[in-house]
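Trainee: I have not looked at this structure before. Could we go through a few parts of it by question and answer?

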Amino acid sequence: MQLSLGTMLPSLWERTSLKTLFLLSAILLILAKYLQRRRQHLNYPPGPLGLPILGNVFQIDHKNPQITFEKFVKKYGNIFCTHVGNLTSVMVTGLPLIKEVLINQGHVFIDRPKVPVHYHVIKTFGLVMSNGQAWKQQRRFALMTLRNFGLGKKTMEDRIREEARYLTEAIREEKGQPFDPHFQINNAVSNIICSITFGHRFEYHDSQFQELLKSLDDILQLETRWECQLFNVFPWVMKFLPGKHQELFREWKKVESFVESIIKQHKKNLNPEETLDFIDAYLKELSKDNIHSSFEEKNLVFCTLDLFFAGTETTSTTLRWALLYMALYPEIQGKIQAEIDQVIGQSRQPTLADKENMPYTNAAIHDVQRMGNIIPFNVPRVATIDTTVAGYHVPKGTIVMTNLTALHRDPKEWATPDTFNPEHFLENGQFKKKESFLPFSVGKRVCLGEQLARAELFLFFTCLLQKFTFQAPPNTQLSLDPEVRVTTSPVPYKICAIPRAM
Ligand code: HEM
Ligand SMILES: *[C@@H]1O[C@H](CO)[C@@H](O)[C@H](O)[C@H]1NC(C)=O
């Protein structure tokens, strides 16, 4: 959900119904805003001059914002600036400038922008949208706790391998018939976060579990509705009006109380001798008194929910891309299976240690992530002070988005930029890292779950390909067209998982 920020602006531009509403409400403010912007225009990054308030809404092809952006990049170069409402955004393209923003000036662009529809619910809690001291404390604690629960150790790996066995069983039940793998994959991935935070996994058909997942999904869907985008521009008005944004806030309340009830049970069963999960660890931190700390129960609720939001949809989407690419590139799938058979065989389950001996499989997973490119504009940052990028003035408060698509599809970096091809990550049969590959971003705010996500991707993927061959259903053409949700996902598809003859 929080990740939807990256797509927020384009989708805002797509809502033509906003035009009329904006026009009516904006007229009074136009003059004042226009004068203000003129004054500020000194040495800003180039960009289309827009109307006050409405900004560049009318300059963008609403049906196909990509095309407009391409024109902007051609016309204005690797850094350009657009306005919508009160927000000024700068889009940065190309490895040198992206590194400048995320690494060299990482301390300047360390914060997240304050988005009203998030702020209304999350305030300054959690991991993804928090800033400053609170963000530092919560992030450090979450990383440390993940590590204590075995991130990079055997225990976490065992949890993922156990879940992979359940996933394999659930897919075997489909008996090779066409099915949409979304349900099983989402359950499996989500269960990893459940076992870290709650201390246990759920059966896939557990009604509470399904309700939680449904709410998470609804929140992600509702976010993109125009009422919620309008809330971002006029929160003080929209707060009092009915609409999808109110439904969004109700869904949030539901998931909040779900987590609260689980916290209550944990409090009852808390054992001073033993810390079983993230909630236990957090409750123990709460019992230390420190008036200056950001540790409070509300923050526990939102950190937990952030781990769900950031950790479920992303990894699940990547795995759905992976199965799709397997069905569409059977010879690559065959090579991966040959590597699995040679290094692991059929009698034991894959482990993380196998990765080192499986350069082809590892390379294929990397190229799925490159092509899937599920968070195309990264998660936005905001300038915490006035600064200069590529010689242009970027004032405090400017939102900065980094165009990861440009890295992942750069014809100078990749032999076949628009085609799935594991060779991109291979050199003389060995795995080769690439600088222009940043699906988890980079710098101090880099994805907190990168290590966990990589472990999940490798183990789930190899466990599935060890046991099944993925194929398009008879007389069906699978499509690689993306569906822009919170993450760029494949359009829903059905696939056959044919058990491998052993
Ligand atoms: C394939 C899977 C994943 C991808 C592609 C991905 C990608 C990203 C990206 C691009 C960011 C923004 C980083 C930035 O602003 O520079 C991010 C942040 C984050 N991710 Fe992931 N992520 C994945 C899986 C996970 C998992 C499994 C977790 C759960 C532990 C997780 C937790 C987070 C959190 C908490 C943040 C916010 C970090 C912060 O603001 O300090 N992610 N992720
Ligand atoms: C991002 O980069 C891609 C590839 O170079 C380009 O097609 C696209 O228009 C860029 N998008 C934006 C918003 O800059």
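Trainee: Leaving aside neighbours within four places in sequence, which residues is valine 382 in contact with?
Mentor: Keep in mind that this is a predicted model. Valine 382 is found in strand β3, residues 381-382. Once its neighbours within four places in sequence are set aside, its contacts are Val108, Phe109, Ile110, Asp111, Arg112, Pro113, Gly397, Thr398 and Ile399.

Trainee: Is valine 382 buried or exposed?
Mentor: The cut-off for buried is under 20% relative accessible area. Valine 382 has 11% relative accessibility, so it counts as buried.

Trainee: What separates the C-alpha atoms of valine 382 and valine 400?
Mentor: Along the chain, valine 382 and valine 400 are 18 residues apart.

Trainee: Which helix supplies the largest share of the shell around ligand 1?
Mentor: The shell has 27 residues, and the closest are Arg112, Arg139, Arg381, Ser441 and Cys447. Helices α6, α14 and α18 each supply at least two residues of the shell. The largest share is six residues, and it comes from α14.

Trainee: How many residues of the shell around ligand 1 are charged?
Mentor: By class, 15 residues of the shell are nonpolar and eight are polar. The charged residues number four.

Trainee: How many Å is a polar side-chain atom of arginine 445 from an oxygen atom of ligand 1?
Mentor: Arginine 139 has a side-chain N or O atom 2.8 Å from an oxygen atom of ligand 1. For leucine 127, a polar backbone atom is 3.4 Å from an oxygen atom of the ligand. For the side chain of arginine 445, the distance is 2.8 Å.

Trainee: How is α15 oriented to α18?
Mentor: Two packed helices are described by the angle between their axes and the distance between the axes. The axes of α15 (residues 330-343) and α18 come within 9 Å and cross at roughly 95 degrees. Therefore α15 is, relative to α18, roughly perpendicular.

Trainee: Which residues of α18 meet α15?
Mentor: By class, this contact has four nonpolar, four polar and no charged residues. From α15 come Gln333, Ile336, Gln337 and Ile340. From α18 come Phe461, Thr462, Leu465 and Gln466.

Trainee: Which backbone oxygen does the side chain of glutamine 466 reach?
Mentor: Glutamine 466 lies in α18, residues 450-467. Its relative accessibility is 2%, so it counts as buried. Its contacts beyond four places in sequence include Ile344, Gly345 and Arg500. At 2.9 Å, its side chain reaches the backbone oxygen of glycine 345.

Methods
Residues are numbered from 1 along each chain as its sequence is written. Chains are lettered from A and ligands numbered from 1 in the order in which they are written. This is a predicted model: local features need pLDDT of at least 70, side-chain atom pairs count only at pLDDT 80 or more; totals for chains, interfaces and linings use all residues. Side-chain values use heavy atoms; hydrogens and water are left out. Helices (H or I, at least four residues) and strands (E, at least two) are DSSP runs, numbered from the N terminus. Buried means under 20% relative accessible area, exposed over 50%, partly exposed in between (1.4 Å probe, protein chains only). A polar contact is a pair of N or O atoms within 3.5 Å; within protein, one must be able to donate a hydrogen and the other to accept it, and residues adjacent in sequence count only if both atoms are side-chain atoms. Contact means heavy atoms within 4.5 Å. Axes are lines fitted to C-alpha atoms, for helices over the stretch in contact, and angles run from 0 to 180 degrees between N-to-C directions. Angles under 35 degrees count as roughly parallel, over 145 as roughly antiparallel, 65 to 115 as roughly perpendicular and the rest as oblique. Ala, Val, Leu, Ile, Met, Phe, Trp, Tyr, Cys and Pro count as nonpolar, Asp, Glu, Lys and Arg as charged, and the others, Gly among them, as polar. A residue is near a molecule or strand if one of its heavy atoms lies within 4 Å of it.
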